[in-house]
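I opened the coordinates today and kept notes as I went. The entries are in the order in which I looked things up.

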Amino acid sequence: MRNPDDPSDASSNVTTSPRLERGVCGVLRAGVSISSLVVCAGVALTLVSSASRSSTRRAVAQLRRGVLRPSGLAAPHTVASVLSGAAHGRGPALVMLGLLLLIATPVLRVAVSTVGFALDRDRRFVLITLAVLAVLIGSFAIGG
Amino acid sequence: MSPAELTAVLFAVGVVAGGLGALLGLGGGFIVVPVLTLFFGMNIRLAIGTSIVAVIATSSGAAVAYVRDHMANMRVGMFLEMATSTGAVTGAFLGSVLVPRVLYVIFAVALGQSAVAVARRKSIEHRPAQPPDPLADRLGLHGSYPDAARGRVVTYRVARTKLALVLMYVAGTVSGLLGVGSGTLKVPAMDLAMGLPIKVSTATSNFMIGVTAAASAGVYFERGDVYPLVSAPVAVGVLVGALGGARLLSGIDPRRLRALFAFVVLVVAVDMLVKGVT
């Protein structure tokens with residue numbers, strides 16, 4: 001919403017380009033939708049799977065007693081185990097894959113911004129977004 | 001409680017937290033963590049891991065509208081994300097060495113701060129002159145936004161960028177430690193220190209929260225503090241509540257709601273404090 005009659009509008013501000021805004025919005029929208037779908041599919045699979053019904057019940061009871069990692073229904077929490085579990089169609093692994101995609105959404109948003117700033121030849125903001133990206137990827141690499 | 005019942009109840013908790021959060025300009029984490037621990041008896045680390053994932057969902061969902069409508073200042077947001085994400089990693093690691101009792105006490109203090117912040121919130125109409133900020137000039141942080149109430153584009157200048165970086169590091173640490181968006185710390189840092197208009201501060205805070213939360217969520221995920229049966233329904237519920245809740249609740253007088261919220265949050269803060277010290 002630009003106001004052509006306002007002289008301060010044209011001169012005073014460096015703004016981000018529409019291309020960058022579209023990219024940021026697109027990656028956020030796609031990330032949230034895809035991850036929600038995967039999460040919902042995983043929850044449905046976990047609840048209907050008869051194989052895991054008794055273990056799921058046990059896990060709920062443990063959760064309500066303050067147990068952090070229920071033994072009733074173990075959930076994968078490394079990238080490799082999440083991927084292999086999801087590939088085997090296991091519900092809990094599929095949920096964790098969806099949550100992982102959700103966590104990755106802001107990271108992708110920063111990566112898309114880096115590309116956008118590079119296309120706009122905004123060298124300072126390429127460096128700034130790269131620094132943020134390094135912290136995000138670093139946190140995941142040294143977590144666990 | 002059967003697994004299906006738990007899923008349904010936690011989804012409902014998420015919807016309420018997301019709706020209230022959207023209405024009050026909070027992420028919902030301040031509601032999710034106390035409900036999971038005090039009401040459901042869950043481990044506080046699981047509650048924090050769950051909350052931080054839900055916070056990413058709301059921020060990412062809401063950020064689209066803020067960017068599209070030019071309310072969020074993306075340059076300010078991305079610049080300050082350097083500080084918030086570093087703070088968030090600090091907070092997540094701090095959380096792994098602190099015993100749960102201490103977490104309860106810190107959470108109670110943070111709740112008290114947010115209750116006061118929400119109760120006292122008002123926008124500053126006439127600001128004193130801003131000191132010059134060469135760093136903000138060099139990075140092109142000054143901006144403008146369409147003000148619907150005034151029917152024109154309002155331009156603003158940014159100041160005290162370095163002070164804001166320090167404040168944002170603190171906000172990031174609180175976010176990473178407690179699994180909340182810490183919007184109640186981010187908004188004043190931009191509103192009061194940097195001199196951004198309150199609407200821009202709120203929008204930019206929301207824009208940044210997803211990146212801040214992602215920095216600590218990775219640590220929580222890999223540590224095993226995110227659990228499918230709990231984290232998934234809460235995250236989806238908070239997202240649904242945040243996107244639709246503000247509209248559903250629009251009939252309520254926001255001032256009365258803020259007063260009620262401040263009261264409820266103070267009661268919860270006392271509960272968390274009692275749980276921490278006894």
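**Entry 1: the model and chain A.** I noted at the start that this is a predicted model. I looked up chain A and found 6 helices and 0 strands. Read along the sequence, the pattern is α-α-α-α-α-α. Chain A has 144 residues, and 40% of them count as buried. I also checked how far apart in sequence the contacting residues of chain A are. Among contacts between residues at least 6 apart, 53% join residues at least 24 apart.

**Entry 2: where chain A meets chain B.** I listed the contacts between the chains: 63 residues of chain A touch 63 residues of chain B. Which helices of chain A each supply at least two residues to this side? I found helix 1 (7-11), helix 2 (18-48), helix 3 (53-64), helix 5 (91-119) and helix 6 (123-142). Helix 2 of chain A gives the largest share, with 14 residues. By residue type, the side of chain A that touches chain B divides into 33 nonpolar, 20 polar and 10 charged.

**Entry 3: the nonpolar core.** I looked up the largest nonpolar core, which has 131 residues. The members that touch the most other members are A:Leu99, B:Val53, B:Leu111 and B:Ala235. Helix 3 (residues 44-68) of chain B gives the most to this core, with 14 residues.

**Entry 4: B:Val53.** Is B:Val53 buried or exposed? I count B:Val53 as buried because it has 29 C-beta neighbours inside 10 Å, where 20 or more are needed. Leaving aside neighbours within four places in sequence, B:Val53 touches A:Leu99, A:Leu102 and A:Ile103 from chain A, among others. Its contacts in chain B beyond that range include B:Ala217, B:Val226, B:Ser231 and B:Ala235. I also checked B:Tyr220, which is 167 residues from B:Val53 along the chain; their C-alpha atoms are separated by 9.2 Å.

**Entry 5: helix 1 and helix 2 of chain B.** I looked up the pair formed by helix 1 (residues 3-24) and helix 2 (residues 29-39) of chain B; their axes come within 8 Å and cross at roughly 150°. That angle makes the two helices roughly antiparallel, because angles over 145 degrees are counted that way. The crossing of helix 1 and helix 2 of chain B is right-handed. On the helix 1 side I found B:Val13, B:Ala17, B:Leu20 and B:Gly21, and these meet B:Ile31, B:Val32 and B:Val35 in helix 2. The residues of this contact divide into 6 nonpolar, 1 polar and no charged.

**Entry 6: helix 4 and helix 7 of chain B.** I then took helix 4 (residues 74-97) and helix 7 (residues 161-178) of chain B, which pack at an angle of about 35° with their axes 6 Å apart. Helix 4 of chain B passes helix 7 in a right-handed crossing. The residues of this contact divide into 14 nonpolar, 11 polar and no charged.

**Entry 7: positive phi in two loops.** I found that B:His70, which is not a glycine, has a positive phi of about 60°. B:His70 is in the loop between helix 3 and helix 4 of chain B. I noted B:His70 as buried, with 20 other C-beta atoms within 10 Å. B:Ser182 also has a positive phi, near 55°. B:Ser182 lies in the loop between helix 7 and helix 8 (183-194) of chain B. B:Ser182 is buried, with 36 other C-beta atoms within 10 Å.

How values were computed: Residues numbered from 1 in each chain as written. Chains lettered and ligands numbered in written order. Predicted model: local features only at pLDDT ≥ 70, side-chain atom pairs only at ≥ 80, totals over all residues. Contact = placed C-beta atoms within 7 Å. Helix = DSSP H or I, 4+ residues; strand = E, 2+ residues; numbered from the N terminus. Nonpolar A, V, L, I, M, F, W, Y, C, P; charged D, E, K, R; others polar. Core = buried A, V, L, I, M, F, W, Y, C linked by C-beta atoms within 7 Å. Buried ≥ 20, exposed ≤ 12 C-beta atoms within 10 Å, placed from the backbone. Axes fitted to C-alpha atoms, helices over the stretch in contact; angles between N-to-C directions. Parallel < 35°, antiparallel > 145°, perpendicular 65-115°, else oblique. Left-handed = near helix turned anticlockwise from the far one by under 90°.
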